[in-house]
Amino acid sequence: MLASLFLIGAAVTTPQMSVQAASQTIVEDGAAGVARAVDRMIGGIISYTRWPGDAPGAPRTMCVVGAPRLTVRPAPVLPGGGAVVVRRTTTAAATGGGDCDILYLGRMPAEDRRRLIAWVRDRPVLTISDDDPDCLYGAMFCLAAKPGGIGFSVNLDAIGRGPLRIDPRVLKIGRSDGGAP
């Protein structure tokens, strides 16, 4: 089941404030504005995700696989601060014991995407794609350019198959913008 949502993370310190401000963010014109919006959105998604056994705000590693479509160098901005190390990697390196907490999937061969999604099942790895706007190929969150902003879809089935916990307030953002979970 997919739920279309709209979120652009805000740089505020409390989660409730992030929810309120998220739907009010306007994307600036140009590639740099889109890149900043994508970075805030990724940071917002990460901030609403809880990994088993870890304290909120623990440092995370985001592995970028493939060629991102919406930004050249994803660099998440976490509301309230926090650390995300970003590194580019290959499918083989990511699935071969890499320390990826987050997989950011860009354009890549379909077989590589299938292998990564299959590898993630039952692992505490957040998956975000910017090459599957309808979220059909198994990533948890799928970013897409929308008129005047950046939106995303959520794959509830993919989220439900793993040990990560996504705060349900993310779903409320879609409802407040007219989306249907």
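Which residue in β5 is the bridge partner of Met62? The legends below give the answer.

**Figure 1. Overview of the predicted model.**
This is a predicted model: local features need pLDDT of at least 70, side-chain atom pairs count only at pLDDT 80 or more, and totals for chains, interfaces and linings use all residues. Residues are numbered from 1 along each chain as its sequence is written, and side-chain values use heavy atoms, with hydrogens and water left out. The protein has 6 helices and 9 strands. Helices (H or I, at least four residues) and strands (E, at least two) are DSSP runs, numbered from the N terminus. Of the 181 residues, 48% are buried. Buried means under 20% relative accessible area, exposed over 50%, partly exposed in between (1.4 Å probe, protein chains only). Among contacts (heavy atoms within 4.5 Å) between residues at least 6 apart in sequence, 64% join residues at least 24 apart.

**Figure 2**
β3 spans residues 60-65; 6 of its 6 residues are buried, so the strand is largely enclosed by the rest of the structure. Arg60, Met62 and Val64 point one way, Thr61, Cys63 and Val65 the other. Strands pair if DSSP finds at least two bridges between them. With β4 (residues 84-89), β3 pairs in the parallel sense over 6 bridges. Val65 has Thr89 as its bridge partner in β4. With β5 (residues 102-105), β3 also runs parallel, joined by 4 bridges. Here Met62 has Ile102 as its bridge partner.

**Figure 2. Helix α2.**
Buried residues of α2 include Gly33, Val38, Asp39, Arg40, Met41 and Ile46.

**Figure 3. The β7-β8 hairpin.**
β7 (residues 141-146) and β8 pair in the antiparallel sense over 6 bridges. Cys142 stands opposite Ser153 in β8. The hairpin has 2 residues between the strands, and Gly148 takes a positive phi near 80°. In β8 (residues 149-155), 7 of the 7 residues are buried, so this strand is largely enclosed by the rest of the structure. Gly149, Gly151, Ser153 and Asn155 lie on one side of β8, with Ile150, Phe152 and Val154 on the other.
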